Amino acid sequence: MRIFRTLLPALALLVGAARVEAQSTGYVVVVHQSNPVSSIRRDELSKIFLKKITVWRTKLPVVAVDQSSETRIRAQFTRDVHHREVTSVESYWQQQIFAGRAVPPQQRPGDAEVMAFIANNPNAIGYVSAGAQLAPGLKVLSVE
């Protein structure tokens with residue numbers, strides 16, 4: 001019982017830190033409102049953006065759209081989701097292109113362009129700044 005009382009404050013701190021980290025990502029993952037998916041695992045998200053997963057759970061093709069590689073939001077998304085830096089992911093794509101396996105997701109320069117792309121592509125997925133005004137026809141996915 002004494003150990004439990006000693007560990008409880010540390011556990012509470014860890015849980016609180018995890019919540020703060022989840023809330024402070026600075027971006028949200030968005031899809032078309034007609035997409036039946038409401039949550040996605042972080043590893044699935046990475047595989048979608050690396051084109052290792054090419055279809056939704058519904059068996060429809062998935063279309064990932066990235067922000068420009070120069071944006072802060074892309075750097076943060078890449079670190080959080082892929083656990084890499086943008087240059088590392090760019091190197092991955094160079095290898096994929098050279099081997100004739102795949103091409104990287106389309107890129108858009110900012111939040112508005114990503115949202116417009118997804119609004120016009122029901123199978124698309126992307127990410128925008130957490131504070132961005134969400135365009136009509138889109139919904140935010142919960143990332144687990």
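Is R79 buried, exposed or partly exposed? At 39% relative accessibility, R79 counts as partly exposed, because a residue must fall under 20% to be called buried and go over 50% to be called exposed. The model shown above is a predicted one, and what follows leads through it from the overall layout down to single pairs of side chains.

The protein chain has five helices and six strands. Read from the N terminus, these elements follow the order α-β-β-α-β-α-α-β-α-β-β. The chain holds 144 residues, and buried residues make up 36% of them. Its exposed surface comes to about 8600 Å², with 58% of that supplied by carbon and sulfur atoms. Contacts can also be sorted by how far apart the partners sit in sequence. Of the contacts with a separation of 6 or more, 68% are between residues 24 or more positions apart.

Strand β1 covers residues 27-32, and strand β6 covers residues 138-143. These two strands pair in the antiparallel sense over four bridges. One place to look for this pairing is H32, which stands opposite L138 in β6. Strand β6 also has a partner in strand β2, made of residues 39-40. Here the strands run parallel, and two bridges join them. In this pairing I40 stands opposite V143 in β6.

Now turn to helix α3, which spans residues 72-82. How many of its 11 residues are buried? Eight are, and the helix is described as mostly covered. The buried residues are I73, R74, A75, Q76, F77, T78, V81 and H82. What do they pack against? The list takes in strands β1, β3 (63-67), β4 (106-108) and β5, along with helices α2 (42-49) and α4 (86-98). Just after the helix, H83 takes a positive phi of about 60°.

A search of the whole structure finds six aromatic pairs. The angle gives the pair its name, because planes over 60 degrees apart count as edge-to-face. Y27 belongs to strand β1 and F77 to helix α3, so this pair ties together parts that are 50 residues apart in sequence. Y27 and F77 are both buried.

Y27 has a further ring partner, Y127. This pair is edge-to-face as well, at 6.4 Å centre to centre and with 70° between the planes. Y127 lies in strand β5, residues 124-129, while Y27 lies in β1, so the pair ties together parts that are 100 residues apart in sequence. Y127 is buried, as is Y27. Ring pairs also bring in F49, so that the cluster consists of Y27, F49, F77 and Y127.

The charged side chains form another set of links. The count of salt bridges in the structure comes to five. R41 takes part in two that can be followed here. The side chains of D43 and R41 meet at 3.0 Å, N to O. D43 is partly exposed, with a relative accessible area of 36%, and R41 is also partly exposed, at 42%. R41 meets E44 in a salt bridge too, at 3.8 Å, N to O. E44 has a relative accessible area of 14% and is buried, because the limit for that word is under 20%. Together with R57, the residues R41, D43 and E44 are linked in a network of salt bridges.

The side chains of R79 and E85 meet at 3.6 Å, N to O. R79 is partly exposed at 39% relative accessibility, and E85 is partly exposed at 43%.

Notes:
Residues numbered from 1 in each chain as written. Predicted model: local features only at pLDDT ≥ 70, side-chain atom pairs only at ≥ 80, totals over all residues. Heavy atoms only, no water. Phe/Tyr/Trp six-rings, centres within 6.5 Å; stacked < 30°, edge-to-face > 60°. Buried < 20%, exposed > 50% of the residue type's maximum accessible area, 1.4 Å probe, protein only. Salt bridge = Lys/Arg side-chain N within 4 Å of Asp/Glu carboxyl O. Pairing = 2+ DSSP bridges. Contact = heavy atoms within 4.5 Å. Areas by Shrake-Rupley, 256 points an atom, 1.4 Å probe, with all protein chains shown as cover.
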